[in-house]
Amino acid sequence: MQLREGSPQRKRQVLLFFVFLGGSLVCSETRRYSVAEEMEIGSFIANIAKDLGLGAGELAARGARLVTEDNEPRLQLDLQTGDLILNEKLDREEMCGSTDPCVMHFQVLLKKPLGVFRAELLVRDINDHSPEFSEREMTLKIPETSPPGTVFPLKKAQDLDVGNNNIQNYSISPNSHFHVSIRNRGEGRKYPELVLDRELDREEQAQLRLTLTALDGGSPPLSGSAQVHILVLDVNDNAPTFAQTLYQVQVPENSPVGSLVVKVSASDLDTGTNGEISYSLSYSSQEISTTFEVNSLSGEVRLIKKLDFETISSYELDIDASDGGGLSGKCSVSIEVVDVNDNSPELTISSLTSPIPENSPETEVALFRIRDRDSGNNGRMTCSIQDDLPFLLRPTEENFYTLVTNGPLDRETRAVYNVTITVTDLGTPMLKTQCNITVLVSDVNDNAPAFTQTSYTLFIQENNSPALHIGSVSATDRDAGANAQVTYSLLPPQDPHLPLDSLVSINADNGHLFALRALDFEALQAFEFRVGATDRGSPALSSQALVRVQVLDANDNSPFVLYPLQNGSAPCTELVPRAAEPGYLVSKVVAVDGDSGQNAWLSYQLLKATEPGLFGVWAHNGEVRTARLLSERDAAKHRLLVLVKDNGEPPLSASVTLHVLLVDGLSQPYLPLPEAAAEPAQADPLTVYLVIALASVSSLFLFSVLAFIAVRLCRRSRAGWVGGCSVPEGHFPGHLVDVGGMGTLSQSYQYEVCLSGDSGSNEFKFLKPILPNILGQDIGRKSEGNPTSHNSLGI
């Protein structure tokens, strides 16, 4: 095999934004190799790796590929050794026909980085075809009067080989009348001619049979022969003569079958049969004889098969005009096939990468080659893609293009791109070819889960059942696959004292929230925490949302009566003077409810009374007042049953019994004093405030009552008061506090009643309030020590 250096690099112009890329991308030199045809399969041609300056195995590492013009697998590239070998026997005649030299162009494509190595393989001809005549016998009619030196054209032989292996010489079998001369025409074509050496005499010899032999220039030479049958005719001294020895015509390749190509015309001065001319193809190869036909009478040359410029661009025809006397003339017809734009551009994809990771910088998607088999403007092409896609076309030499991304892609914006590559030629009409490439964008975990709300508010009724579903949180991830699979979790609360793990739980798969135990509104009205949503990407991304749980109150607490107390050792008795006016405040029932809202709205109702109609209870504040004037006929002792009811659903209630004593005067003791002071309750700050408020209200009430009694007593008698004050002993409950936060305050109050020693007197002798129990006990002891200290009225 022989390696020959190519000619210098030729610069080519590429229309419509073709940019020349040299240097490292495309090899600037065309390598030329040669090989003889009919070599065995596997024959070594050259070492491509060595010519490229690459080491062993680098062709495989760079993904080398061999691409030929006609995509026929005639050659094979060993990627490990770099050897270029034959993949099949090459037949030069089949590949190139009569074209000489026979060159097969191919490219070696490299990746990482991209490179194109251009080369061509010269297929050398060997002498593997013998000359052949189209007819095994040809007949010549020669007048006997033909002078010596007359030339008679013979049909030439055909040899498929080219160059020296083609026909080089003709010879005729030995005879005394003729020899063969060779006439050279354009393009190296040789035509045999029979030259008359000695006049013929029909009477002496009417016919001759000679052998015409054609020899090629091969080593060893090959030959072919045909019989020449010569008929000696009587005198026909005028041969047909063509109007032109050479006809030149142009025929569009898209001419229909039957189209007239050319009409040749010859004339003969003879008359009769000697002047009758018939036309025929002098030499008709198989290609010519199947493409053209000649009308023997008119000389019209017509098409009998479609032309193809890309296959054969020109034809040379030899036409004979023979008269009836055996004389003939010859002319040549040069037919040039005119190219029309009948071939659409071709696009061949060499490599395609899909899918492409999103957020990647400029990435090569495809490498492809375009070709148009037409010539001139019909074979010039432009290549383009849609304008609204983030891709670019980058041209290289030899009509190779790369499709690359124009910056990073975002799968969440668009996951699939349909790229249409349009190749258009510049012929008339313009033809185009389109190729659709689907480019998939693979996902990268670049989006954190996003909650549908930044904060959630959930409501749950207190006293709920454990494991109750109280609500859900939801987060979505714009990524795909595992990058979009979201897992939910509870985050540590900001309040370290909040036992979140014992209050709620979350389903990691769907974000459902559950209450783990029953909640108590009175203990915990609301709490908040954060939930996290984490995807399963690498690295994992997460986000947070705030969840606030509001516990709704249920009516689960009955009203609690603060005053009057029902657990004392002695019933609490309210004293009412018989002289009290209607609406006189007897007492006030004070109650609280541990619930909130309407569940804590309290109403009061008098259920039962010793004497109905005498007392009434205000529904909203629990005040017990007289409904009418008291009379002497009214019983002295009354028992009132008051119902306290909340506004919940269903409503809850409590009842309290109130004892009322009607008195005419205050000289007789009725209520016993407590024996011992109640243990002071441990009060919180709210209790202290309630006690102070209740004491203030009670003091104002007592001052009003004392002032009223003092005025009444002053009207009845101006005499001094005589007698002692006896305070009965007994237990009286301590202070009571409203802890319900309803704004209704009450403080238990009691009165120390001092009656006159005279049993017959019904008038009040002494009245004063006793707020604390300890104070009442001191007053009792002082009265024993100084019995006269009560003779004066004190408020």
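Mentor: We will go through ring pairs, charges and some backbone details in turn.

Mentor: Keep in mind that this is a predicted model.

Trainee: Fine. How many aromatic pairs does the structure hold?

Mentor: There are eight aromatic pairs. One of them is F368 with Y401, whose ring centres are 5.6 Å apart and whose planes are at 10 degrees, so the pair is stacked.

Trainee: Why does that angle make the pair stacked?

Mentor: Because planes under 30 degrees apart count as stacked, and the planes of F368 and Y401 are at 10 degrees.

Trainee: Where do F368 and Y401 lie?

Mentor: F368 is in strand β29 (residues 364–371) and Y401 is in strand β32 (residues 400–405), so the pair ties together parts 33 residues apart in sequence.

Trainee: Is F368 buried or exposed? And Y401, buried or exposed?

Mentor: F368 is buried, with a relative accessible area of 0%. Y401 is also buried, at 1% relative accessibility.

Trainee: What about F451 and Y456?

Mentor: Their ring centres are 6.4 Å apart and their planes are at 75 degrees, so that pair is edge-to-face. Both F451 and Y456 are buried. Together with Y488 they form one aromatic cluster.

Trainee: New topic. How many salt bridges are there?

Mentor: The structure holds 21 salt bridges. Side chains of opposite charge can pair when their charged atoms come close.

Trainee: Give me one to look at.

Mentor: Take K89 and E40, whose side chains meet at 3.4 Å, N to O. This pair links distant parts of the chain: K89 sits in the loop between β6 (83–86) and α3 (92–96), and E40 in the loop between β2 (31–36) and β3 (44–47), 49 residues apart. K89 counts as partly exposed, at 42% relative accessibility.

Trainee: Which residue does D664 meet in a salt bridge?

Mentor: D664 meets R578, at 3.2 Å from N to O. D664 lies in the loop between β52 (653–663) and α6 (685–716), and R578 in the loop between β45 (573–577) and β46 (585–588), so the pair ties together parts 86 residues apart in sequence.

Trainee: Why does R578 count as buried?

Mentor: Because buried means under 20% relative accessible area, and R578 is at 13%. D664 is partly exposed, at 34%.

Trainee: Which residues are linked in a network of salt bridges?

Mentor: R92, E93 and D125.

Trainee: And where is there a patch of negative charge on the surface?

Mentor: D201, E203, E204 and D234 gather there. D201 is in the loop between β15 (190–196) and β16 (207–216), and is partly exposed with a relative accessible area of 34%.

Trainee: Last topic, the backbone. Which residue does a cis peptide bond join to T428?

Mentor: P429, with omega about -5 degrees. P429 lies in the loop between β33 (416–425) and β34 (432–442). The peptide bond from Y563 to P564 is also cis, with omega near -5 degrees.

Trainee: Why point those out?

Mentor: Because most peptide bonds are trans, and most residues other than glycine have a negative phi.

Trainee: What is the phi of A467?

Mentor: A467 has a positive phi of about 65 degrees, although it is not a glycine. A467 is in the loop between β36 (455–461) and β37 (468–472), and counts as exposed at 56% relative accessibility.

Conventions: Residues are numbered from 1 along each chain as its sequence is written. This is a predicted model: local features need pLDDT of at least 70, side-chain atom pairs count only at pLDDT 80 or more; totals for chains, interfaces and linings use all residues. Side-chain values use heavy atoms; hydrogens and water are left out. Patches are made of residues with over 30% relative accessible area and no salt bridge: like charges are joined within 9 Å, nonpolar side chains (Val, Leu, Ile, Met, Phe, Trp, Tyr) within 5 Å. Accessible areas come from the Shrake-Rupley method with a 1.4 Å probe; for residues, only the protein chains shown count as cover. A salt bridge is a side-chain nitrogen of Lys or Arg within 4 Å of a carboxyl oxygen of Asp or Glu. Lys and Arg count as positive and Asp and Glu as negative; His and the chain ends are not counted. The place of a charge is taken as NZ of Lys, CZ of Arg, CG of Asp or CD of Glu. Helices (H or I, at least four residues) and strands (E, at least two) are DSSP runs, numbered from the N terminus. Buried means under 20% relative accessible area, exposed over 50%, partly exposed in between (1.4 Å probe, protein chains only). Rings of Phe, Tyr and Trp (its six-membered ring) pair if their centres lie within 6.5 Å; planes under 30 degrees apart count as stacked, over 60 as edge-to-face and the rest as tilted.
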